[in-house]
Amino acid sequence: MERLAGTVMLLSGKRRALVAFLAGLIGVLALPPFGFLAALFVSFTLLVWLLDGATAAPEAGFVRRLAPAFRIGWLFGFGYFVGGLWWLGNALLVEADAFAWAVPLAVLGLPAFLAFYYGFATALARLFWSDGMGRIAALAFAFGVGEWLRGTLFTGFPWNAVGYGMMPVPLLMQSAGLVGIAGMNVLAVFVFAAPALLGTRRGRVAGLGLAVILFAAHLGYGAYALHVLPLPENQATVIRLVQPVIDQAMKLDDSARADIFEKHLALSAARPAEGGKRPDIIVWPETSIPFILTDNPDALVRIAEVLEDDQVLIAGAVRTESAGSGKAPRYYNSIYAIDGKGQIIGAADKVHLVPFGEYMPFADVFESLGVSPVAMPGGFSPAREHPLLNALGTGLYPLICYEAIFPSEIGPASDAAAALLNVTNDAWFGDTPGPYQHFQQARLRAVERGMPLIRAANNGISAVVDARGEVISGLSYDVTGFVDATLPGKIAQGRWTKWRDWVFPALLGLFFLVASISRIGFRNRLN
């Protein structure tokens, strides 16, 4: 291993760049739909060895000294994000005549931008670099900061954060309930990078020992949470998830709106499986109602004909609101709650919109160039908060589409909810890794909050997930139909939830301290 480490460390030029890119690309295998956790051990081990050799001339200034480390991190990130996000280009091919030109921006441009966060992380780590375990701690600290920035700046995009690679199955998801995804990012990088110590001597025993302890604790707590802690009792509510699998091109066809609506109604009216209980709440996916509902009162009458008096329909739709005389109306990506009499009894609008998909940043500049990729005139408007939807006394905390990848979108109001509700439409991305990655991240929100997740998708993946991230019932990608499931219970939240938000900064401080002490010792040895 020492010989291999030396070889990687001394690489230069194109070979060095290629290994950095491939190291990031390999790490994608740890993500859904693959879930090959060992891939990130290879990725981060190679990254540490590449950073060992990322040196500049002694007389170089501050920025030039960090440039080699930044380049390695950027190339690593570019490989990771190209391999993990290439499927975004599929959404632009739905209306290829209008948006095919933007495919390179989605497939290469966005990864190139996101890679700057990993370049920043490796440059930051290099400031505290040493020759032992301290450099592994420095990398964990720096990636924790980098991933936090990626999920925060410019509205944030924390998709495929490194910590998810440590949690491919429920057994390995339970730690998220203790430290959250932010804490998992820090711990995962330390564990993934620790094998690099096999190629060096200093700190080998301590570093590998700590990594083994951390991983064993991660595994052990998962087993304890799944098999020892009592399972919360199911609630009485029966949920039906409708997955219609409407082709995205068809959803954009005005002449198909009536057929789409009737397909949703037919799946909602279908009898439950033999011995099954009639559903109390029926959930349709994001933008499943293919017209402005308040402009079509006949549609509400039709819904009332299908529902029983004691049933409630939760459906995604576009909602419109007047902005005043002489102004264009505002549009919202919304969820409606509709009772058995066809009355709208609740609504929730999307808070965290998708840049360039649901609204246009710097709209005036782009419109002057003739670029307007959002579907609605002027785009969607954001809501200020997530109100609870109340359906038959069951409080549901709404998350529309990719809001489920942001832990910060789940606010204090969720404490009064019986479940998280996520409606989405992943048909935009086809049968690619995208829908599977999205589902994994939504499942982790259930584990973090200790509450079940109700997830309805137009196409892949619809499921009822319990508070431990285990799928109770669901439909795979490209399967048309419905599933009925009794809503699982919530896990009683203990006092630890009050200090959980402090775990991430505490971990950052701990690894920063270890890295700083190691760096000081390293400099003293050199002198």
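How many aromatic pairs does a search of the whole structure find? The search finds 28 aromatic pairs, where rings of Phe, Tyr and Trp (its six-membered ring) pair if their centres lie within 6.5 Å. This is a predicted model, in which local features need pLDDT of at least 70, side-chain atom pairs count only at pLDDT 80 or more, and totals for chains, interfaces and linings use all residues. Residues are numbered from 1 along each chain as its sequence is written, and side-chain values use heavy atoms, with hydrogens and water left out.

**View A. F113 and Y117 in helix α7.** The ring centres of F113 and Y117 are 5.9 Å apart and the planes meet at 85 degrees, so the pair is edge-to-face (planes over 60 degrees apart). Both residues lie in helix α7 (residues 103-127), four residues apart, about one turn of the helix; helices here are DSSP runs of H or I with at least four residues. Y117 is buried at 9% relative accessibility (buried is under 20%, exposed over 50%, partly exposed in between, with a 1.4 Å probe and protein chains only). F113, at 38%, is partly exposed.

**View B. F128 meets F512.** Here the centres of F128 and F512 are 5.3 Å apart with planes at 75 degrees, so this pair is edge-to-face. The pair links distant parts of the chain, 384 residues apart: F128 is in the loop between α7 and α8 (133-150), and F512 is in helix α17 (residues 503-526). F128 is buried at 16% relative accessible area, while F512 is partly exposed at 36%.

**View C. An aromatic cluster.** F41, F44, F76, Y80, F81, Y118, F143 and F192 form one cluster.

Key. Rings of Phe, Tyr and Trp (its six-membered ring) pair if their centres lie within 6.5 Å; planes under 30 degrees apart count as stacked, over 60 as edge-to-face and the rest as tilted. Helices (H or I, at least four residues) and strands (E, at least two) are DSSP runs, numbered from the N terminus.
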